[in-house]
Amino acid sequence: MSRKVSNYVQIEGNLRWESIWYLAKRELLAFVRNKGRIVSSIAQSILFLFVFGAGFSQLPITIDGISISSTAFVASGIAAMAVLFSGVFGGLGIIRDKLFGFMKELLVAPVSRRTLMIGKTLGVALQTLVQFMIITVLSAVIGFYGYDLSLIWRILATIPVGLLFSLGVVGIGMTISTRLTDFQSFGLIQTFLIMPMFWLSGALFAFNTVPLPMQVIMMINPISYGVDIFRFILLGVSFFPFWLDLTILAVFGALLISLGAYSFSNMEI
Amino acid sequence: MSDNIIEVKNLTKIYEEGKVLAVDDISFNIKKGEIFALLGPNGAGKTTTISMLATLLRATGGNAIVNSHKIDEEPDMIRKSIGVVFQEPSLDGDMTGWENLELHAVLYGMERSKRRERINEVLELVNLEDKSDMYVKNYSGGMKRRLEIARGLIHTPQVLFLDEPTLGLDPQTRRKIWEKIKELNSGDLNMTILITTHYMEEADELADRICIMDHGKIIALDTSENLKKELSGDIIELELEEVKDFSKIPNLIAQLKQINGVKEITMGTKHDKDRTSSEMFKPPPGMKGINPEVMRRKINEVLSDPKKFLQAIKKFPRTGQFFLNAPYQVKEKVARMYKESELVDDLPPKIKEIIQKINNGEYKKEEEIKEPSLTISCEDGGKLISEIIQMVNQFNSVKIKTIHMHSPTLEDVFLFYTGSQIREESSSRMEGIKKHIQMRQLKQK
């Protein structure tokens, strides 16, 4: 008796792929059409690239005895940052649909909530991936990674892992936003969730240069593995083994997507 | 198969969190091809009812059949066979009109080949075919509403739910939407339409049958004609002048009810906001010599200075009486005047109490019924009117201000059933609901 029963009727049923694709397309279109958002996200990343890449440290960073340029090190971290920021905020975008009423139209449609949730998550993840690619290509063109023909293949190889990483990050935003009812909490989320996750991910400093307690925290932070896997692919060096990065990102993604789907099914508007 | 497209049996909805009984055990049927209007004051349970029938909300008790599917068993089948236009806007402003409709068609499982044609059809139906490439955020209110109706029609539903479709639209647009609704209901489409509205003329114009809800219950259900017939005869509205002794009014009503042919009397009040305190003043009978102009100026003076008010009260005890009988606006003005002043302690205790109540926000405006109006429904107004006037004149302190007679409109029917008080969630009502829920829970045990 004590089980909380949702007020809303749910449609049981399988995923409907065409609906998922159209919902995802809606997110992508919204992204492409909102010029301000694209410009601001790129500008923010470029600012970080120059401030941290150029000003932070000119000393080469040594990992496993291999010395790499600090600009390349930071550039790959900033790419991961782009995924984190745009993924979480993209996931939080559900609030917009809730507040402007469009969510009602979606909820009354004869499709399961899982379909709606996955469509939305996929859309935001793809949109995040696009931003990630823009940053990565831009840093490559500027020359942060050095000029090398194999870079093209390495950048292409980041696409699948970038998508995997994005899905988990979008899941965070989705899970939170199903509980929110206004835009006021965005600042809190920025300060207490996104920023700590970013600073404690090793995006800007090397894992082996910080004290042990901080290393432990970084090992708990799933974002660290996203940063690490990008470094592995783009620079060829990493702190953790590739298989560990990949496993943790896959588990993280699956967990957060399930959590997001669960919260979405219990969402009240 | 019966010709009912919607059958509602003992449908109940309790919002557990708020302990609100939103819909209380209602039953009704809607015939195929009918326009059915749900009327009711704010918070009567109309939207909750529609949400349950549209399978958006889960019913707490009872059941309903829509298009021969039960709402709790086959929600997806029902959703495919109904169109819903919500009370609040539910379009995506960042997509074009076309894209909004396309997404809807996809979600409702429409085949790719049929989509384009169907979207064009519904756009034409609401005359938006040349606006379909615009972003919805640039649409006007009426265009948005029309697009929402079009969207509700894409999957060719058999029933259309319209939750206050013309809310906040100008008269021209409303008329256009009425036309569309009639068009959908007639001819080959013959769509069944369930509409909620606050506009009586809208229900009168469109609906085949009207259902009046209040406090989650159905209190009247019939055609507009029959509902008006029930209030047959005429409506006499008596507006009374300021009543000094309010306790006489129930007595008056009781006596008026004795008159042969009088069916029902309801009482409401008219608060005139525009009138200022000094204009309220009329020389009392028996003091004809007073120049009202001078008197008004004096009153204004007294009402703007706490000291003068105090003096006036000490000199003329009548001033205190005047204050007690004054409308709320005047009392509030006086209360504000004494907010910062210590002179409040020198006032007579009764006045002091009222002023403190107002300043603490505890004063209830309901205590403030000074100019009641009586709505009397009767068989033959022409014959009775003189008798009614005589009866009222027997009461010394009650004076008729205006008298007005007309045959009943749907609005009269509505007010007759739901009362003319303004609806706010008053504490007493919440108490009633809480008790009701507790009773129910006891019964279930």
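**Exercise 1. Find what share of chain A counts as buried.**

Start with the cut-off: buried means under 20% relative accessible area, exposed over 50%, and partly exposed in between (1.4 Å probe, protein chains only). By that rule, 54% of the 269 residues of chain A are buried. Keep in mind that this is a predicted model, where local features need pLDDT of at least 70, side-chain atom pairs count only at pLDDT 80 or more, and totals for chains, interfaces and linings use all residues. Residues are numbered from 1 along each chain as its sequence is written, chains are lettered from A and ligands numbered from 1 in the order in which they are written, and side-chain values use heavy atoms, leaving out hydrogens and water.

**Exercise 2. Work out where A:Ile95 sits and what A:Ile95 touches.**

Step 1: look in helix 4, residues 94-99 of chain A, for A:Ile95. Helices (H or I, at least four residues) and strands (E, at least two) are DSSP runs, numbered from the N terminus.

Step 2: A:Ile95 is buried because its relative accessibility is 0%.

Step 3: list the contacts (heavy atoms within 4.5 Å). Leaving aside residues up to four places away in sequence, A:Ile95 touches A:Ser177, A:Leu180, A:Asp182, A:Phe183 and A:Phe186.

Step 4: take A:Leu180 from that list. A:Leu180 is 85 residues from A:Ile95 along the chain, yet their C-alpha atoms are separated by 6.9 Å.

**Exercise 3. Decide whether A:Leu156 is buried, partly exposed or exposed.**

Find A:Leu156 in helix 7, residues 150-177 of chain A. A:Leu156 counts as partly exposed because its relative accessible area is 44%.
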